[in-house]
Amino acid sequence: MAVRGTKDLFGQELRLHQRIVATARKVLEAAGAMELLTPIFEETQVFEKGVGASTDIVRKEMFTFQDRGGRSLTLRPEGTAAMVRAYLEHGMKVWPQPVRLWMAGPMFRAERPQKGRYRQFHQVNYEALGSESPILDAEAIVLLYESLKEVGLKGLSVKLSSVGDPEDRARYNAYLREVLTPHREALSEDSKERLSLNPMRILDSKDERDQALLRELRVKPMLDFLGEEARAHLNQVEKHLSRLQVPYELEPALVRGLDYYVRTAFEVHHAAIGAQSALGGGGRYDGLSELLGGPRVPGVGFAFGVERVALALEAEGIAPPEERGPDLYVVPLLEEAVAEAFYVAETLRPRLRAEYALSPKKPGKGVEEALKRGAAFVGFLGEEELRAKELTLKRLATGEQVRLPYAEVAGFLLSALS
RNA sequence: GUGAGCGUAGCUCAGCUGGUUAGAGCACCGGACUGUGGAUCCGGGGGUCGUGGGUUCAAGUCCCAUCGCUCACCCCA
């Protein structure tokens, strides 16, 4: 058995994943993003510092191990910290700014698996580094939205908010503590803990009691606490999104779980994929590179989960195209023709996709097997063909049939299939 | 980490209140239909009934434990 929360990918599911990533590649590279693949593990420090020691990811969800020299290494739980590490390591700050990077690959989190959540899952990441312009925030949102729309998804909703600058957030958390602490006993168990750890998370609690209390106390949203600059930044982002007619809604309660976010935060959701309805999300993280020991490098980016997008596509009834069968399926009619079938098929490769049967078949059976494999042509090798070094070709779609010397088979098939 | 539901063949599932050698469909392999059958008919391989204990003359079926899967919570993609 594959270990908990992991799975083997093949067949239709794999094709769907590949299509999702290929679409993202097209969209992101059209915008000038360069593909950059970071290793799947890093020094643990990269995530502890980059993601934030207080986050759930770092506190309890990382696969961490020691190498033989005693260094602590971690299977990456997300992509952004590693991408910024690479930006710093390769001196990309001297490249023309901003630098747009993208990456697709596996991520690892030691959570309890459920629908849309796995211990090894796949993400597409995009990061635009080196500029504070709100245009780049809007661009990231558009690129995320477009990547998902381009694979065929319809039921998308884009949620936008701002978590403000760090001092805004500090003021807001202080406000929440002040308002909620007197009512601590009315909160759910989880939210009591949130109150001391990170009060903002109470806002998107799924507990009805918490939501009722928030309504009752008329708790003000984060957006009311934005400083002047963060406010202006958000307004700019909205302006650019509107101009491009991206259908977004302001979601004051939107809280991103990672410590490094400032100002813009966004998510894209899909209703039909279970409790984990976020397909992807992102935001701005101007302070991240300093946490990693580098100079200040502002950045904005997103990640989306390939598995979740696949679930959404499935829910909308969008299936990947059937796998193409071989161009030719060679059927030996006698035992002596088996090796010949292999020989003929192999000489056609790799220009043609050629397979063959490993044991002699009756012609009818041969046709049946060729059809099951989705072959375009079936080729028979019987007594006469063997003697004459010829192959009888039958086009399965039409039933038309020709007999050709080996040397002419490749040319015939290539022109017939074009 | 918490809670609930579920574990019988590769897949989907039968198996009545415990009762002979555990079944079906699909899939796979082979044969029949004399060189053009995604067909039909016949046959075949495959299962420590998740695992370990217990109750009983007798356990796939009842009890306990354990493991696994699924969904949900926390949190997130």
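In helix 5 (134–150), the buried residues are Pro 134, Leu 136, Asp 137, Ala 138, Ala 140, Ile 141, Val 142, Leu 143, Leu 144, Tyr 145, Ser 147 and Leu 148. Buried means under 20% relative accessible area, exposed means over 50%, and partly exposed lies in between, with a 1.4 Å probe and protein chains only. Helices (H or I, at least four residues) and strands (E, at least two) are DSSP runs, numbered from the N terminus.

This is a predicted model, in which local features need pLDDT of at least 70, side-chain atom pairs count only at pLDDT 80 or more, and totals for chains, interfaces and linings use all residues. Residues are numbered from 1 along each chain as its sequence is written, chains are lettered from A and ligands numbered from 1 in the order in which they are written, and side-chain values use heavy atoms, with hydrogens and water left out.

**Helix 5**

Helix 5 is mostly covered, with 12 of its 17 residues buried. Its end C-alpha atoms are 24 Å apart, which agrees with the 24 Å that 17 residues should span at 1.5 Å a residue. The expected span is 1.5 Å times one less than the number of residues. Just after the helix, Gly 152 has a positive phi of about 120°.

**Helix 9**

Helix 9 covers residues 228–243. Its 16 residues reach 23 Å from first C-alpha to last, close to the expected 22 Å. Which residues of helix 9 are buried? They are Ala 230, His 233, Leu 234, Val 237, Glu 238, His 240 and Leu 241. Seen down the helix axis, these buried residues fall within an arc of 165°, so they line one face of helix 9. The arc is that of the directions from the helix axis to the C-beta atoms. An α-helix has 3.6 residues a turn, so residues three or four places apart point the same way. On the face turned away from the buried side, helix 9 carries the exposed residues Glu 228, Glu 229 and Arg 243. The cover over its buried residues includes helix 5, helix 6 (166–180) and strand 9 (262–270). Contact means heavy atoms within 4.5 Å. Just after helix 9, Gln 245 takes a positive phi of about 60°.

**Two buried residues**

Val 219 sits in the loop between helix 8 (208–216) and helix 9. Its relative accessible area is 16%, so Val 219 is buried. Its contacts, leaving aside neighbours within four places in sequence, are Tyr 172, Tyr 175, Leu 176, Val 179, Leu 180, Leu 203 and Leu 214. Phe 412 is 193 residues from Val 219 along the chain, and their C-alpha atoms are separated by 75 Å.

His 270 lies in strand 9. Is His 270 buried or exposed? At 5% relative accessibility, His 270 counts as buried. Its side chain reaches the backbone nitrogen of Ala 272 at 3.3 Å. Not counting residues up to four places away in sequence, His 270 touches Leu 153, Gly 155, Leu 156, Ser 277, Leu 279, Ala 312 and Glu 316.

**Strands and domains**

Two strands pair if DSSP finds at least two bridges between them.

| Strands | Sense | Bridges |
|---|---|---|
| Strand 2 (41–43) and strand 4 (72–75) | antiparallel | 3 bridges |
| Strand 3 (63–66) and strand 4 | antiparallel | 4 bridges |
| Strand 12 (328–332) and strand 14 | parallel | 5 bridges |
| Strand 14 and strand 15 (390–395) | antiparallel | 4 bridges |

Glu 42 stands opposite Thr 74 in strand 4, and Phe 65 has Leu 73 of strand 4 as its bridge partner. The hairpin of strands 3 and 4 has 5 residues between the strands, and there Gly 70 takes a positive phi near 85°.

Strand 14 (377–381) has 5 of its 5 residues buried. Phe 377, Gly 379 and Leu 381 point one way, while Val 378 and Phe 380 point the other. In a regular strand the side chains alternate between the two faces of the sheet. Gly 379 stands opposite Val 330, and its bridge partner in strand 15 is Leu 393.

The domain assignment of chain A gives domain 1 (11–165 + 227–315) and domain 2 (328–413). Such bounds come from an automatic or database domain assignment. Taken over C-alpha atoms, the two domain centres are separated by 50 Å.

Technical notes. Polar contact = N/O pair within 3.5 Å; in protein donor to acceptor, adjacent residues only side chain to side chain.
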